[in-house]
Amino acid sequence: MESIVGKTSRSYWMGIAMIWILVFHLINPICTNEAISSTLRQSLSRITGSGYLGVDIFLFLSSYGLCHSFVNNTYKNYLLRRLKRLFPVFILFIVAYIYFFVGVNDPIHLTKTTLMHITGLSTFSNISYAWYIPTTIFIYWSFPLWFYSVKWLEQKSMVLIWLLIIGMLFIKPLMIPYIFWLANGRFIMVVLGILTYLWLNDTTKKPNKNLLFLFLMPAILAAIFATSKVEIVGMSLPLLFFIIDRAGIYRYGEKFFNFIGKHTLEIYLAQCITIEWFTPRIVQLIEYQQITYGVKFAFAMVLEIVLTIALAFVLYHVQNIFSKAYAYKNRTATI
């Protein structure tokens, strides 16, 4: 599975997932606008309708990578390494987003909302701007609980793991009032990522035979107990990755997707701003123009992509400034 979960390989697949999510987020608002012909909207919806799988890929691969970081560091160092990458640009994003784009200027509300997001607790609320980042932060600080629970159950019996997954599928509808709807049910991918790490790093197992069983079972359980196509396809992703790995499929565009995979934070936040604030204005701009539907769609897409790239570039440089300041502080502290 090195071609999937290896360090550089994870960046490649995360890059593909990011492009998938980006296309879904950019096209979806346009697909719902009546200025675009119904035939074109239906065609685009079929293309982008599975964009949710990009998030499942992220959670699966990120959880595997977190295992490496957690096992090889103290909890303090593990958490600091994760949060110093996220916090500077994300805090800036949240404050600017809420103040300028949402229009909230009450200091108390602004402070409360910011704290909810940077602690990951907004995962358990009905409002979650750029919801994936707070959910990721929640997974970061709660990861010891996830890791040791899955490890303990796996050591006792794999039956307990399958019962855990079935239980998570059944409890999903009950958690709707308590967990942000896009995050609800996604934590199964965290369990599968941890399981993959435990099995690949256990030399007593026969990799080919046991990994096939490991990835086949979630797909079977999803087919039996899941209530939506989203869950079935998402829980089948590890099996698909296993097949891709064993088939030795050539990875096209490796440099490009690796680059995207290494800058997913900036790209994700940039497109959140674009789709929430710029896209509605772009749609209004083209709605009454006397041009064909195809030209309207192409014009909107080009504007969205240019704005996303520009914002991602700005966020990347902001992140660089904070990284250099942090590195300088560490150097001066050791002198």
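This is a predicted model: local features need pLDDT of at least 70, side-chain atom pairs count only at pLDDT 80 or more; totals for chains, interfaces and linings use all residues.
Me: Which residues of helix 12 are buried, and which are exposed?
Reply: Buried means under 20% relative accessible area, exposed over 50%, and partly exposed in between (1.4 Å probe, protein chains only). Helices are DSSP runs (H or I, at least four residues), numbered from the N terminus. In helix 12 (residues 254-262), the buried residues are F257, N258, I260 and G261. Seen down the helix axis, these fall within an arc of 160 degrees (taken from the directions from the axis to the C-beta atoms), so they line one face of helix 12. K255, F259 and K262 are exposed on the other side.

Me: How is E254 classed, and what does its side chain contact?
Reply: E254, found in helix 12, counts as partly exposed because its relative accessibility is 31%. A polar contact is a pair of N or O atoms within 3.5 Å; within protein, one must be able to donate a hydrogen and the other to accept it, and residues adjacent in sequence count only if both atoms are side-chain atoms. The E254 side chain makes such a contact with the side chain of R251 (2.7 Å). The C-alpha atoms of E254 and Y12 are separated by 6.4 Å, although these residues are 242 apart along the chain.

Conventions:
Residues are numbered from 1 along each chain as its sequence is written. Side-chain values use heavy atoms; hydrogens and water are left out. Helices (H or I, at least four residues) and strands (E, at least two) are DSSP runs, numbered from the N terminus.
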